[in-house]
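User: I would like to go through this structure with you, a few spots at a time. Could you take my questions as they come?
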Amino acid sequence: LYRNIELPLVEVLAAMEKAGIATDQKRWKEVLEDMQQRERHILREIYTEAGESFNVNSPRQLSYILFDKMHMPAGKKTKTGYSTAASVLDKLAETYPFVKKILEYRTLSKLISTYLLALPELIRPETGRIHTSFNQTVTATGRLSSSNPNLQNIPVRTEEGRKIRSLFVPGEGYDCFISSDYSQVELRVLAHMSGDPGLIAAFNNKEDIHRRTAAEIMGIPFEEVTPLQRRNAKAVNFGIVYGISSFGLSEDLSIGRKEAAKYIEDYFKTYPGIKTFLDDTVAHAKEMGYVVTLFGRRRPVPELSSSNFMQRSFGERVAMNAPIQGTAADIMKIAMIGVNRRLKEQNLKSRLVLQVHDELLIEAYRPELPEVEKILREEMEQAASLDVPLEIDMHTGENWYEAK
């Protein structure tokens, strides 16, 4: 692991840190002004509906407005009043448009302070680019993390987050980005490590895995699965990878705990190999004190021997997830080494500039596109030999968002 993955990766990360990534400074100012204007507008609406101005970021003041003044149903009481944690507000937002505005304001506020105001300060005058640092030894799972600035945390599900991604552009001498993303890599790793025939067959037959799961769990024909049923099955598929409980799933899907428990039970009936694999992994971790990825990366799980029930439960979730997430991280690192090596061997100008979760971002020179796409496909899809194929989605664009 050290010689073949971590050590050769140092050179790749050094090159990526040195290269950095360019931004569109003219549009940056426009997006900042636009978001600040929206932030002020939402704040005015919040004050009007609340009947007074208050500090939206103060849990105590927000708690007073929501629960004492507006009489919304309160949850847990803390020392400073009722909880206004994100999970509480998310629940309330389903019923109260006012809370939706609070959440929207918080999101905008965070994006403005964390990215739009902070990132321009980190542009190096000599390169005109932002140079993040990639950390190999920070996360417990083996995934890379990025700091100063953290470019892995820009939300891509919200319109505002996408706007921020669109401000990252190819620098001088380059004309597009290629984004290459592993498709459902953790579920594919789970299929391989568990050896479950149903899951392996679904991937090998190139089926829509979430639709297949929905059909199996609910006992309905594949063609009759509704978008909602597919979405619920997707939550179960990914939740299982993270050792989700019936409580966690009921929260995620806004359904009763009984119904959630039934989902999980039916899932394990459909894919019994997964249940056996997860149980064996936890038992092995209790005995050895650690879990291991396919490539030999160890993750200690001392929580499993704790006398505290919550700690032990956390340890079980870690034991289930770490081998899968850690193997996916190892696969990505192997792919990065291969892609970087091939780009250099073929004397291409295009280069790796970012790695985010299951995605690689290449700053590309258009005449080289066919060669670069071929390299990405070969190196990423052949990074590991599993019982199911590794697949990638590739997109080209004028900025980071378009390339997604």
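User: Which residues does serine 183 touch, leaving out those up to four places away in sequence?
Analyst: In this predicted model, serine 183 touches Arg188, Glu391, Ile392 and Asp393.

User: And where is serine 183 found?
Analyst: Serine 183 lies in the loop between β9 (176–182) and α7 (185–194).

User: Let us change topic. What is the place of asparagine 340?
Analyst: Asparagine 340 is in helix α14, which covers residues 309–345.

User: Why does asparagine 340 count as buried?
Analyst: The relative accessibility of asparagine 340 is 13%, so this residue counts as buried.

User: What does asparagine 340 touch, again without residues up to four places away?
Analyst: The contacts of asparagine 340 are Val12 and Leu352.

User: Now strand β12, please. How many of its six residues are buried?
Analyst: Five of the six residues in β12 (residues 351–356) are buried, so the strand is largely enclosed by the rest of the structure.

User: Which strand is joined to β12, and by how many bridges?
Analyst: Five bridges join β12 to β13 (residues 359–364), and the two strands run antiparallel. Leucine 354, for instance, has leucine 361 in β13 as its bridge partner.

User: What do β12 and β13 form together?
Analyst: They form a hairpin with two residues between the strands. In the turn, histidine 357 has a positive phi of about 55 degrees.

Key:
Residues numbered from 1 in each chain as written. Predicted model: local features only at pLDDT ≥ 70, side-chain atom pairs only at ≥ 80, totals over all residues. Heavy atoms only, no water. Helix = DSSP H or I, 4+ residues; strand = E, 2+ residues; numbered from the N terminus. Buried < 20%, exposed > 50% of the residue type's maximum accessible area, 1.4 Å probe, protein only. Contact = heavy atoms within 4.5 Å. Pairing = 2+ DSSP bridges.
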